[in-house]
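Subject: Structure handover

Hello,

Below is the structure for your work. My notes on it follow.

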Amino acid sequence: MKKFLTVVGIIFLIGVAGVFALTKIDFNRMNADHYYVQITEDGTQHDTKLGDGSVMTSYSYRLKAANADGETEALEFTAQKNLRKDAYLKVYVKDEDEVSSYDEVKFEEIPKKAQEKLK
């Protein structure tokens, strides 16, 4: 009986750890490269009509991005809102050109080599 309760306890702990991982870890940012962009213009608006008749609006951007080494690349990504002009973003890139997520950052938080490319 003691062995059974130990096994059940271990399975319970593994389950709790799994639920915690699924709720707290952002898999879109895991193992992604970091690039930095500045929003310089409004995004291109795209309206998509959903099956229930409602309309979903998204905005697409194509901007020059720089990584911490100062290497630049043109990136395309979408957002659910029109992003604030002159905002700086840290974008998470997977598979060389797929933007999976982004965060707004202050200019001072951007690595120096990337700052030089964004000026």
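**Strand pairing**

Strands here are DSSP runs of E with at least two residues, helices are runs of H or I with at least four, and both are numbered from the N terminus. Two strands count as paired if DSSP finds at least two bridges between them. This is a predicted model, in which local features need pLDDT of at least 70 and side-chain atom pairs count only at pLDDT 80 or more, while totals for chains, interfaces and linings use all residues. Residues are numbered from 1 along each chain as its sequence is written, and side-chain values use heavy atoms, with hydrogens and water left out.

Glutamine 45 has tyrosine 59 in strand 3 as its bridge partner. The hairpin of strand 2 and strand 3 has 5 residues between the strands, and glycine 53 in the turn has a positive phi of about 95°.

Strand 3 is also joined to strand 4, by 8 bridges, and these two run antiparallel. Alanine 65 stands opposite glutamate 73 in strand 4. This hairpin, too, has 5 residues between its strands, with glycine 70 at a positive phi near 85°.

**The end of strand 3**

Alanine 66 belongs to strand 3 (residues 55–66). Its relative accessible area is 0%, so alanine 66 is buried. Buried means under 20% relative accessible area, exposed over 50%, and partly exposed in between (1.4 Å probe, protein chains only). Not counting residues up to four places away in sequence, alanine 66 touches Tyr35, Tyr36, Glu71, Thr72, Ala114 and Lys117; contact means heavy atoms within 4.5 Å.

Asparagine 67 is in the loop between strand 3 and strand 4 (72–79). Asparagine 67 counts as buried because its relative accessibility is 10%. The side chain of asparagine 67 reaches the backbone nitrogen of aspartate 69 at 3.0 Å. Leaving aside neighbours within four places in sequence, asparagine 67 is in contact with His34, Tyr35 and Ala114.

**Salt bridges**

The structure holds 2 salt bridges, each defined as a side-chain nitrogen of Lys or Arg within 4 Å of a carboxyl oxygen of Asp or Glu.

- Glutamate 76 pairs with arginine 62, with the closest N and O atoms 2.8 Å apart. The pair links distant parts of the chain, glutamate 76 being in strand 4 and arginine 62 in strand 3, 14 residues apart. Both residues are exposed.
- Arginine 84 and glutamate 104 meet through their side chains at 2.2 Å, N to O. Arginine 84 lies in the loop between strand 4 and strand 5 (88–94) and glutamate 104 in strand 6 (residues 98–105), so the pair ties together parts that are 20 residues apart in sequence. Glutamate 104 is partly exposed, because its relative accessible area is 49%.

**Surface patch**

Met1, Phe4, Leu5 and Val8 make a nonpolar surface patch of about 460 Å². Patches are made of residues with over 30% relative accessible area and no salt bridge, with like charges joined within 9 Å and nonpolar side chains (Val, Leu, Ile, Met, Phe, Trp, Tyr) within 5 Å. Accessible areas come from the Shrake-Rupley method with a 1.4 Å probe; for residues, only the protein chains shown count as cover. Leucine 5 is found in helix 1 (residues 2–24), and leucine 5 counts as exposed because its relative accessibility is 52%.

Regards

Terms used
A polar contact is a pair of N or O atoms within 3.5 Å; within protein, one must be able to donate a hydrogen and the other to accept it, and residues adjacent in sequence count only if both atoms are side-chain atoms.
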